[in-house]
Amino acid sequence: PRLHDEGAVFALVSARPSEPSGRRSSAPGALFPYLESGRESVVVNTQEHFFTVLLAVCVFKLNLDVRSTHDVEQYFLRFFCFYYILLGGIRYAGRFSRDDGSHKLIWSLYEFGLLLMLEGLGGPQGGEAQWSLYLLAAGGLFGLIAVGFSIRAAFWIPRARKFGGASALIHLACSWLLLAAGMTGQGVRETEWAVLLLCVAGDISKSIAAVNGYVDWDVPICIEYVLSRFNGLVMEVLGVAVIVPNAIYPGSYQYSRLVFAGDVVAALLAIVLKLGFFDVEPVDAECHAVRRSQFAAVLFLHLNPFTLFGMCGSGAGIPLLLDATGRLGDAAETRFAQQVVCTASFVTWASLTATKLLHKPISSPVIHRAKTIIQGAGAAACLVPLAVPVFPDFITLVYIVMINALIVVAQLVLPTAQPGRWGSMSRLRRTHSAETTRDDISAVSEFAAGAGMSLPAEEQGTRVSDPWTARSAPGDDRPPRKRRHSSGFIGF
């Protein structure tokens, strides 16, 4: 069945079901039947916060490795391997939830596997030798995601069988490839590329199915939960993988003053990046890309890893610039470090520019487009040091931070030039607040009817036939408007 035959399928997910919990075991529960009109909340438990911190620590170790080996290909492949393993847990927790004994055991195994992967990074031949702990742990985690998450959900929830079966096939194939490479030690790099391409192909197929409206191959996901995990991951990586490596003691170097100045500049870069992320994220949730259209939601979610990867690259390259500057002074020129830092900054701001384009303007489309143009120009300007034959390391660092600062200053200053800015924003928020509850109740009523459930009479709204359009209440002659979709089928 196609999406337009299903009616309004985007359900408001209020919170994770509270039963059963404790030490008892039970089947996984789908989040989408738990409807509560007019209100929503998201719960990220302490274990899931720990997974986010653990991934940031893994990135910190990857940064240490790439600074010593200069193997960017290995860095790229391992970053996305960790990312897709974490993504498997996010996708499961955003769709299904229980807090019973079985899930505690599964999450504990998941956590143990991530720790083994982290430990395996320091193994012989950089974790690529025969019986590599890193590869075996990664293969075991993909197998756990396939069996403990996808197959288990598909077995207990009929609605999730197509989705769970397709996801399990992809993860089982990745598990088999990684386990085979870990046991033989042969073709490790080719295997890692194959795993990455399998994961990307799975994402593309889900996105195509979602955009074309095939809902029987997907399960509604709580988008607010996914966004909460993404934002937490960005902040953890910014602190652990960017700020911590740049805390270099100046007294250990001959040119200590330059190192101290570099530490200050690197700290300024972290602050500027944080401000830049806050500006890209719209202050009004109704203008977010995930509530603009399904295509925009898909693109937004798949741009996140590139933003994250660019940040991690900055954390890997800047300590190399500072180390060379401290040893050789302002004449130091480390081409590899410059390539890493400049390319990472370009990737970060290019992905943020694309993300900004996906969000709706809060008040002025002109200001919104001007910001994206400045961000795109700033991303291109980050590559200038690579085109100059002689460009010292310290000057490279100062230049990159200056470009980042100019982008953020422009983001903050441009809105102040708009007449009536605050009045326009206030009117926008009042309009959304007045219309949101009625539209959400209509959507929940339609989904509940399709799922064989019922809502209290006072919470039932008008049935709608177009999943992207919320009809007005009886007696209201205003034209329908597009409904926000804080949770639903997004192909992720």
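Author: The model is a predicted one. Its protein chain contains 14 helices and four strands.

Reader: How many residues does the protein chain have, and what share of them count as buried?

Author: There are 492 residues, and 55% of them count as buried. The chain exposes about 20500 Å², of which carbon and sulfur atoms supply 65%. Among contacts with a separation of 6 or more, 81% are between residues 24 or more positions apart.

Reader: What makes α8 and α10 roughly parallel to each other?

Author: Helix α8 (residues 256-280) packs with helix α10 (residues 335-358) at an angle of about 20°, and their axes are 10 Å apart. Angles under 35 degrees count as roughly parallel. The two helices are therefore given that description. Their crossing is left-handed.

Reader: Which residues of α8 and α10 meet?

Author: From α8 come L273, G276, F277, D279 and V280, and from α10 come T348, W349, L352, T355 and K356. By class, this contact has five nonpolar, three polar and two charged residues.

Reader: Why is α8 also called roughly parallel to α13?

Author: The angle between α8 and helix α13 (residues 393-413) is about 30°, with the axes 9 Å apart. Since the limit for roughly parallel is under 35 degrees, the pair α8 and α13 is therefore roughly parallel. The crossing of α8 and α13 is left-handed.

Reader: What residue classes are found in the contact of α8 with α13?

Author: The contact has 15 nonpolar, four polar and one charged residues. On the α8 side, those taking part include L258, A261, V265 and L269. On the α13 side, they include F394, L397, V401 and Q411.

Reader: How do you know that M311 is buried?

Author: M311 lies in helix α9 (residues 294-328). Buried means under 20% relative accessible area, and the value for M311 is 0%, so M311 is buried. Apart from its neighbours within four places in sequence, M311 is in contact with V234, V237, L238, V242, F277 and T348. The C-alpha atoms of M311 and F346 are separated by 10.0 Å, and these residues are 35 apart along the chain.

Reader: Is E192 counted as buried or exposed, and why?

Author: E192 belongs to helix α6 (residues 188-211). Its relative accessibility is 7%, so E192 counts as buried; the cut-off is under 20%. Beyond its neighbours within four places in sequence, E192 is in contact with L77, R78, E128, Y134 and L135.

Reader: Why is H70 called partly exposed?

Author: Partly exposed covers the range between the buried limit of 20% and the exposed limit of 50%. H70 has a relative accessibility of 41%, so the term applies to H70. H70 sits in the loop between α1 (46-69) and α2 (72-93). Although H70 is not a glycine, its phi is positive, at about 60°.

Reader: What makes W131 count as exposed?

Author: Exposed means over 50%. The relative accessibility of W131 is 56%, so W131 counts as exposed. W131 is placed in the loop between α3 (101-120) and α4 (133-156). Its phi is near 55°, a positive value in a residue other than glycine.

Note on methods. Residues numbered from 1 in each chain as written. Predicted model: local features only at pLDDT ≥ 70, side-chain atom pairs only at ≥ 80, totals over all residues. Heavy atoms only, no water. Axes fitted to C-alpha atoms, helices over the stretch in contact; angles between N-to-C directions. Parallel < 35°, antiparallel > 145°, perpendicular 65-115°, else oblique. Left-handed = near helix turned anticlockwise from the far one by under 90°. Contact = heavy atoms within 4.5 Å. Nonpolar A, V, L, I, M, F, W, Y, C, P; charged D, E, K, R; others polar. Buried < 20%, exposed > 50% of the residue type's maximum accessible area, 1.4 Å probe, protein only. Areas by Shrake-Rupley, 256 points an atom, 1.4 Å probe, with all protein chains shown as cover.
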